[in-house]
Amino acid sequence: MKRLRALLIAAAAVALTAGASDPSERLPDQAQEARARTLFKEVRCLVCQNESIDDSEAQLAGDLRQIVREQVKAGSSDAQIRDFLVERYGEFVLLKPRFSMGNAVLWLAPVVVLLVGGVLMAGLLRRRETPEPALSQDEEARVRRLLEGD
Amino acid sequence: MIVELGAFALILSLMLSVAQTGLSAVGGARRSPVLAGAGQGAAIATFVALLVSFAALIYAFVTSDFSVTNVATNSHTDKPMLYKVAGAWGSHEGSMLLWCVVLTGFGAAMAVFGDSLPPRLRAYAIAVQGALGVMFLAYTVLASNPLARLLEAPIEGKSLNPLLQDWALAFHPPFLYIGYVGFSVVYSLSMAALIEGRIDAAWARWIRPWTLAAWSMLTVGITLGAFWAYYELGWGGWWFWDPVENASFMPWLIGAALLHSAIVTERRGALPGWTAFLALAAYTFSMLGAFLVRSGVLTSVHAFAVDPTRGVLLLIMMGVAAGAGFLLFGLRAPSLNRGGQFRPISRESAIVLNNILLSTATAVVLLGTLYPLIREAMDGEAVSVGAPFFNLTFTPLMILAFAVLPAGPLLAWKRGDAKGVARKLWVVLALAALLGLIAYAVVQPRKALASGGLVVGFWLIGGALLEIAERLKLARAPFAESLRRARGLPRGAWGTTLAHAGLGVFVLGASFETAWRVEAAQALSLNGSQPLGAYTVTLTDVVTIEGPNYLAERGIITVTNKAGAEVCRAQPERRFYPTGAQTTSEVAICAKGLDDIYVVMGERRAGEGGKPAWLVRAYVNPWVRLIFLGPLLMAIGGIVSLSDRRVRLGVGRRTGEVVS
């Protein structure tokens with residue numbers, strides 16, 4: 001039993017925070033807390049493997065959450081908070097890349113691909129509008145032979 | 001000894017697949033039944049040899065033979081038996097061997113069940129399948145041999161990552177790989193048909209059963225993975241738009257597009273080029289998935305076995321297969337027949353629209369997944385593309401697709417009757433809107449967007465039911481007549497209805513769960529409680545337990561309803577695995593109808609007055625079961641279609657289908 005207890009204490013030391021829902025981190029104002037939680041989903045936990053700070057239990061995610069919560073409390077707008085984070089940690093910190101010239105390809109591609117698809121479909125339908133040429137007498141005879149032979 | 005036999009069988013299967021390729025190719029080119037038959041024999045022998053090899057690997061895991069490198073790094077004597085067996089495909093080497101087993105298995109299946117194929121096409125397809133086998137087997141033998149021995153065997157193994165010791169994940173890779181690699185048959189049949197220059201209705205009929213089987217298995221595999229993430233990762237999410245998830249999702253999307261376009265090619269002879277393109281793309285995306293997951297070029301929560309040098313090899317293999325495929329396609333495409341004509345309002349058009357939307361969605365997922373690499377190569381800037389991007393781009397595309405979906409099966413081929421279809425569908429639309437409005441009015445807090453999601457879900461389910469009702473002439477003809485029609489209806493029609501309704505079920509679950517889940521988290525001391533929506537969560541007791549290969553703190557947590565009656569006793573655990581010093585959380589889930597009460601045990605901390613307290617997180621995930629039930633229905637729909645006589649026999653005979 002002693003060994004068990006010692007190991008469990010060791011385990012507790014490995015564990016860090018409980019993610020964004022940890023009650024010790026929460027803001028007292030519910031509206032502010034809700035805003036912070038929405039923002040968390042857009043911020044990457046930089047040391048994790050593709051997790052937002054809303055999900056992550058890592059120490060660094062906890063630090064980032066604290067920064068965001070403090071800024072929300074101080075009355076910064078969402079855009080200001082994003083700018084602040086980008087200035088500090090680079091674009092990598094945002095899970096939703098910003099609408100910028102550098103990211104134009106990313107944001108415009110879906111629309112462009114859809115448009116190309118639409119144009120191709122329109123072309124396909126227009127081509128179909130032209131009636132197929134009627135069969136020549138020779139061909140009709142061949143069709144008859146084939147059908148009868150079947 | 002058994003391990004050496006397995007290693008020998010692995011090399012033998014590589015030699016046999018070289019023979020399979022050569023014999024079948026020459027047999028096809030010379031129209032020699034003898035050579036082609038020998039190629040078929042080689043295909044079966046390859047598979048048998050590889051089965052021996054795979055069995056040897058499982059044997060090494062079961063007996064904990066730590067002189068095998070792969071066993072030493074991925075297993076442990078304390079591990080439960082199921083996970084010892086599953087360990088055989090849990091590592092990179094083992095999973096590539098599984099890939100080869102499935103790949104050669106499909107080659108053997110073509111040799112055994114392919115009698116309805118024209119001999120020449122069959123020989124070429126088996127040759128192409130053999131060539132794919134040669135590549136992957138050579139890779140396995142030379143760069144990732146799962147049966148390699150260690151010079152000095154350790155006393156104990158390093159064990160499998162505890163997160164992976166889970167039943168859903170034990171079965172996840174086999175389903176996923178049958179799905180991924182199932183598209184290899186579609187690829188091989190397409191290559192064979194392109195070599196012969198004949199992409200036509202008959203070809204579309206031959207690829208259909210393989211596409212259906214692969215797509216259905218992939219659906220099951222992805223759903224198992226999502227279910228695992230839901231209850232194992234411990235925050236109740238089930239889809240993260242993670243690169244590894246996207247890697248499996250892209251072939252699924254393309255597979256879905258292919259299923260539909262192949263119907264057009266089969267029934268109407270139209271879109272042969274496009275269908276062939278998708279057929280090649282499906283397996284290309286499968287290989288891209290293997291590359292993305294196994295190379296580690298993208299950081300991900302699921303990549304457990306990564307190696308950059310192997311990544312380069314996988315990339316080369318993908319380049320060779322895709323390059324050969326699309327080169328041949330480029331050469332043959334101009335000469336392909338254009339097929340039957342159709343009007344803008346027709347079932348063909350609806351399916352073309354479906355294909356445009358699914359392909360665009362695939363392109364979005366592909367770009368979003370690779371964009372961080374592209375940007376880094378372009379200007380060195382590190383960026384992230386995560387869930388918020390995909391929610392904003394992928395979801396609208398799908399909503400567009402869902403909006404038109406119910407009309408598709410109701411439209412006639414060639415020239416549809418828009419007004420007639422609208423007359424039938426407006427009732428469904430009105431009903432779906434009404435249900436959405438009720439949800440908006442009743443469910444608190446009020447959420448317009450999620451209520452809209454529910455409308456889409458009901459619209460899909462209603463549309464699917466209406467379609468089958470139309471085919472049965474339900475309520476319009478005497479009941480006996482409907483019953484007779486139900487018996488005569490091809491299984492494919494039932495499959496379509498199931499799959500489309502399953503999609504609706506999924507949309508309902510996803511909308512409801514995402515919008516209305518309730519969360520509560522507090523540090524509770526013994527007998528402390530916290531409110532969770534309509535329930536109260538009380539920490540009744542905490543016990544320490546010793547598992548087979550872990551130690552755990554187990555919380556006994558009582559959930560009561562408003563009246564004070566106990567609705568469930570949850571026993572979540574916080575586990576510590578001494579081997580590897582890893583802590584994991586074992587979630588407790590109480591199913592309440594379609595909802596889940598989801599309880600997570602957190603770490604111990606000092607509570608009020610120095611008493612110990614434990615962080616208890618609890619969620620009510622409403623309708624979450626539908627998220628997993630929906631895709632399951634879709635997979636069942638695929639399998640029901642697969643059992644359709646027309647598909648099974650590979651013949652185009654119409655068997656008593658009721659023409660509406």
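This is a predicted model: local features need pLDDT of at least 70, side-chain atom pairs count only at pLDDT 80 or more; totals for chains, interfaces and linings use all residues.
Colleague: Where in chain B does Arg31(B) sit?
Modeller: Arg31(B) has a positive phi of about 50°, although it isn't a glycine. Most residues other than glycine have a negative phi. As for its place, Arg31(B) is in the loop between helix H1 (2-29) and helix H2 (33-62).

Colleague: And what about Lys414(B): which loop holds it?
Modeller: Lys414(B) isn't a glycine either, and its phi is positive, about 75°. Its relative accessibility is 45%, so Lys414(B) counts as partly exposed. Its place is the loop between helix H14 (407-410) and H15 of chain B.

Colleague: What is the omega of the peptide bond joining Gln444(B) and Pro445(B)?
Modeller: Pro445(B) is in the loop between helix H15 (418-442) and helix H16 (448-472) of chain B. Most peptide bonds are trans. The one between Gln444(B) and Pro445(B) is cis, with omega about -10°.

Colleague: Now the two chains: how much area is buried between chain B and chain A?
Modeller: The contact takes 58 residues from chain B and 51 from chain A. Carbon and sulfur atoms give 62% of the buried area. That area is about 4700 Å².

Colleague: Which residue of chain A forms a salt bridge with Arg617(B)?
Modeller: The count between chain B and chain A is 2 salt bridges. In the one formed by Arg617(B), the closest N and O atoms are 3.5 Å apart. The partner is Glu57(A).

Technical notes: Residues are numbered from 1 along each chain as its sequence is written. Chains are lettered from A and ligands numbered from 1 in the order in which they are written. Side-chain values use heavy atoms; hydrogens and water are left out. Helices (H or I, at least four residues) and strands (E, at least two) are DSSP runs, numbered from the N terminus. Buried means under 20% relative accessible area, exposed over 50%, partly exposed in between (1.4 Å probe, protein chains only). Contact means heavy atoms within 4.5 Å. Buried area is the accessible area (1.4 Å probe) that two parts lose on being put together, summed over both. A salt bridge is a side-chain nitrogen of Lys or Arg within 4 Å of a carboxyl oxygen of Asp or Glu.
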